[in-house]
Amino acid sequence: MIMKSKKVKGSITVFALIVLTAYVVFVSSLLDLYRYTSAGTVFRSAVTTSVKSLRQTSDTYALSRYGFGFCSLDDNGIKTKAAAFANDIIAKSCTDVKPVSIDVQTQHLVDSSNVDISALEDRIINICSETVSKSELDSVADTLDAFDSTKDTLNSRFQKVRGALENVDTTALKNTSSFDFIRKCIEPDDTDIASEQLYYCRTSSCSSAVWSAQDWAYQQPKTNSRTLLESCKNGLEYMYECVCSSEWFRSRETVFSHGAQGFENGLYSSAGYLDKYFQTQLNDQGSDKKAAEYEYVLFGHRSNYDNKLYAAQRIFEIRLAYNLCSLTDDFGKSAQEDNKAALKAVNEAKLETAMILAGKSVKLIKSKSEFKTSDDTADSEILSLAQSTQTADGGVDYQAHLRYLLLHSISFEMMYARIADVVGFGIGKPLCRAVTDIKVTVRSKYNITNVSLAGMIMKGKTSTAQAEISF
């Protein structure tokens, strides 16, 4: 009996040791696996944190001024900064994992080695739609609706006024440049929107067409020597073509992808975006750089003064067209009466243009009884009237005219390209070179002191973590 009892106790002891050993091995393996899993989680979190820290390199000026976000560092600077962030954060938060390699990849709006114009255009379209509110869209729509409401007037009076202008024969209209008065309303400006180096940097990676330095500016008018009579004729034809024609854009067949919002909202978004972010000669958008950016999108000159001048000249011709239509009954009676009516329309257009350039609003179209000038009103008197005349309630101002010009004077491709130009001028390099996406991949080795066979097998194993951000 005694021997049997000792055998049973010995068997229990061996069994207990086997179970205990298995338990210890199991628990220590679980402990190692947990430590390795936790280390991997912390490691991946550290990599993500390091990449998010790169956001401090975002160009906040460009983001606040133009709605565009991209990294202000160049590729080498990004790689150096990313590696430093990753090493520092991993070292502080994850002592059990040691980085062995850090790979940083950057993505530009347009890769010069593989040009994809749609990437740049899509980015601009998205920025336009994402940063413009409904009220801002409605404001643009109201402007276009106001011009559209004059269609019947222009349509019914165009032929008579256009015919009468052929008979106008006055020295004051034929020999005087329409730019002479405009120059009196715009302050001298010898600044350029961009340096010469940046201004001539346009390539196929910036737009869907390649323009030379001479022809990529769609200039309307092309010279600053147009006579007052030529302005009368051109302004009338321009307004008749734009308001009475179904064509809104010169390049209407151009594809304009704007998601579910549709073609018209795409146009409104573009104008609303420029309203919100781009400077004009009357609105500097809180920037120290006094550049006529909106006017550049319209006319494409390096000179700020030229862009301002051509915008004002086009506004002058719009005002002329409406004033000519207001005086329809005064035309066709005699050559002398035609001359007087044309001069009266010119002088009223001068007054309205001066008011608009002073930040005031004017009625889009009015009756001749509301005219404040006559055929012989001197320029000095017109400038004085512009200061004293009150702004018109519910009228159209400078910004409204720019919106109208944008939608009737430029193709989509040119608009995209010049928006890209302006943002590039603002950050000091072409937009296609701006870094917009960063992906960081870190390979590491586990450096955990193992307590189990599983830990011994896993020690020295590599782990990979990736994190990506878009500006």
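The structure holds 11 aromatic pairs, a pair being two rings of Phe, Tyr or Trp (its six-membered ring) with centres within 6.5 Å. This is a predicted model, in which local features need pLDDT of at least 70, side-chain atom pairs count only at pLDDT 80 or more, and totals for chains, interfaces and linings use all residues. Residues are numbered from 1 along each chain as its sequence is written, and side-chain values use heavy atoms, with hydrogens and water left out.

One of the pairs is formed by Phe179 and Tyr310, whose ring centres are 6.0 Å apart and whose planes stand at 90°, so the pair is edge-to-face. Phe179 is in helix H8 (residues 179–185) and Tyr310 in helix H13 (residues 304–326), so that the pair links distant parts of the chain, 131 residues apart. Helices here are DSSP runs (H or I, at least four residues), numbered from the N terminus. Phe179 and Tyr310 are each buried, that is, under 20% relative accessible area, with a 1.4 Å probe and protein chains only.

A second pair joins Tyr273 and Tyr277, with 5.2 Å between the ring centres and 40° between the planes, so this one is tilted. The two residues are 4 apart in helix H11 (residues 262–277), which separates them by about one helical turn. Tyr273 and Tyr277 are both buried. They also belong to one aromatic cluster with Tyr61, Tyr66 and Phe278.

Charged side chains meet rings too. Arg314 lies over the face of Tyr238, 3.9 Å from the ring centre, and Lys366 over the face of Phe371, at 5.4 Å. For this, NZ of Lys or CZ of Arg must be within 6 Å of the ring centre and within 35 degrees of the ring normal.

Among the 13 lining residues, Lys366, Lys372, Thr389, Gln390 and Ala392 are the closest to the pocket's centre. A pocket is an open set of points on a 1 Å grid over the protein atoms alone, where a 1.4 Å probe fits, with protein on both sides within 12 Å along at least five of seven lines; lining residues have an atom within 4 Å of a point.

His408 counts as buried because its relative accessibility is 7%.

Key
Rings of Phe, Tyr and Trp (its six-membered ring) pair if their centres lie within 6.5 Å; planes under 30 degrees apart count as stacked, over 60 as edge-to-face and the rest as tilted. Buried means under 20% relative accessible area, exposed over 50%, partly exposed in between (1.4 Å probe, protein chains only).
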